[in-house]
Amino acid sequence: LRKLQYPETHVEYLVIAIDANGCEYEYRLIVSTRQNFYVPNVFSPNGDQQNDYFNLHSDPSIETIDLLQIYDRWGGRIFESKGGHPNSSDGAWHGDSNELPVNPGVYVYLFKFRDKTGKVFLLSGDVTLMR
C-alpha cells in the first residue's frame, strides 16, 4: 500500500496485489475531503444586528481561530485577536481600532486556524467595511 499525496485535500491510495499466478492487480482510491469555510468580503458594523462583525464562517470542523489580524491600507496592524470562534462575535473584528471606530474602506485580513485533524489553514484577503 502506497500513499500518494496531492495538493490540499486529496489523497490517493494505490493498492497493488499479485496473485499466485503472477498476475498483477492495481486499485486506486482517491479520497477527497472538503472543508466548508468562507470569509465575507463586506460587513457593516452599524449596530443594526446584521453583518455587525467580521469573522470566519465555518462548518463544525473548525472550532477555534488561532489568529485574526486586520491591516489598514498602509500595512499597519489595527486589530488582532487570538482564540476566537468561527460563526460568532467571539474574537471577531467589530470595525474598530484601539476601541475607536475606523473609517469605511478596504482592509486586509489574515486568518490562521486549524481543523479537528490539526491541519493548519492560512487565509488572507480584503474586506470592505461600510457604515
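This is a predicted model: local features need pLDDT of at least 70, side-chain atom pairs count only at pLDDT 80 or more; totals for chains, interfaces and linings use all residues.
# A tour in your viewer

Residues are numbered from 1 along each chain as its sequence is written, and side-chain values use heavy atoms, with hydrogens and water left out.

**Stop 1**

What do the side chains of Glu63 and Lys116 form? They meet in a salt bridge, with 3.6 Å from N to O. Here a salt bridge is a side-chain nitrogen of Lys or Arg within 4 Å of a carboxyl oxygen of Asp or Glu. Glu63 belongs to strand β7 (residues 62–71), while Lys116 sits in the loop between β11 and β12 (120–129), so-called distant parts of the chain, 53 residues apart. Lys116 is exposed, at 56% relative accessible area.

Now colour Arg114 and Asp66. Their closest N and O atoms are 3.0 Å apart, and the two residues form a salt bridge. Arg114 is in strand β11 and Asp66 is in strand β7, so this pair ties together parts that are 48 residues apart in sequence. Both residues count as partly exposed: Arg114 has a relative accessibility of 34%, and Asp66 has 23%.

Why might such pairs be found at all? Side chains of opposite charge can pair when their charged atoms come close.

**Stop 2**

Select Arg77 and Glu80. This is another salt bridge, with the closest N and O atoms 3.3 Å apart. Glu80 counts as partly exposed, at 34% relative accessibility. How many salt bridges does the count come to? The count is four.

**Stop 3: the loop between β5 and β6**

Colour the stretch between β5 (42–43) and β6 (57–58), and find Gln49 in that loop. Gln49 has a positive phi of about 70°, although it is not a glycine. Is Gln49 buried or exposed? Gln49 is exposed, with a relative accessible area of 70%.

Asn51 is in the loop between β5 and β6 as well. Asn51 is not a glycine, yet has a positive phi of about 55°. Its relative accessibility of 55% makes Asn51 exposed.

Move to Ser44, also found in the loop between β5 and β6. Ser44 counts as buried, at 16% relative accessibility. Which residues does Ser44 touch, leaving aside its neighbours within four places in sequence? Ser44 is in contact (heavy atoms within 4.5 Å) with Gln50, Asn51, Asp52 and Met130. Show these side chains together with Ser44.

Asn46 is another residue of the loop between β5 and β6, and is partly exposed, with a relative accessible area of 41%. Draw a line from the C-alpha atom of Asn46 to that of Arg131: the two atoms are separated by 5.6 Å, although the residues are 85 residues apart along the chain.

**Stop 4: the largest pocket**

Select Asp72, Arg73, Trp74, Ile78, Val102, Asn103, Pro104, Gly105, Val106 and Tyr107, which line the largest pocket. On a 1 Å grid over the protein atoms alone, a pocket is an open set of points with protein on both sides within 12 Å along at least five of seven lines, and lining residues have an atom within 4 Å of a point. About 150 Å³ of space lies inside the largest pocket. Strand β11 (residues 105–115) gives the largest share of the lining, three residues.

**Last stop: zoom out**

Switch to a cartoon view. How many helices and strands are there in the protein chain? There are zero helices and 12 strands. Helices (H or I, at least four residues) and strands (E, at least two) are DSSP runs, numbered from the N terminus. Of the 131 residues of the protein chain, 31% count as buried. Among contacts between residues at least 6 apart in sequence, 42% join residues at least 24 apart.

Key
Buried means under 20% relative accessible area, exposed over 50%, partly exposed in between (1.4 Å probe, protein chains only). On a 1 Å grid over the protein atoms alone, a cavity is a set of points where a 1.4 Å probe fits but cannot get out, and a pocket is an open set with protein on both sides within 12 Å along at least five of seven lines; lining residues have an atom within 4 Å of a point. Grid points are joined across faces, edges and corners, and a volume is the space filled by probe spheres set on the points.
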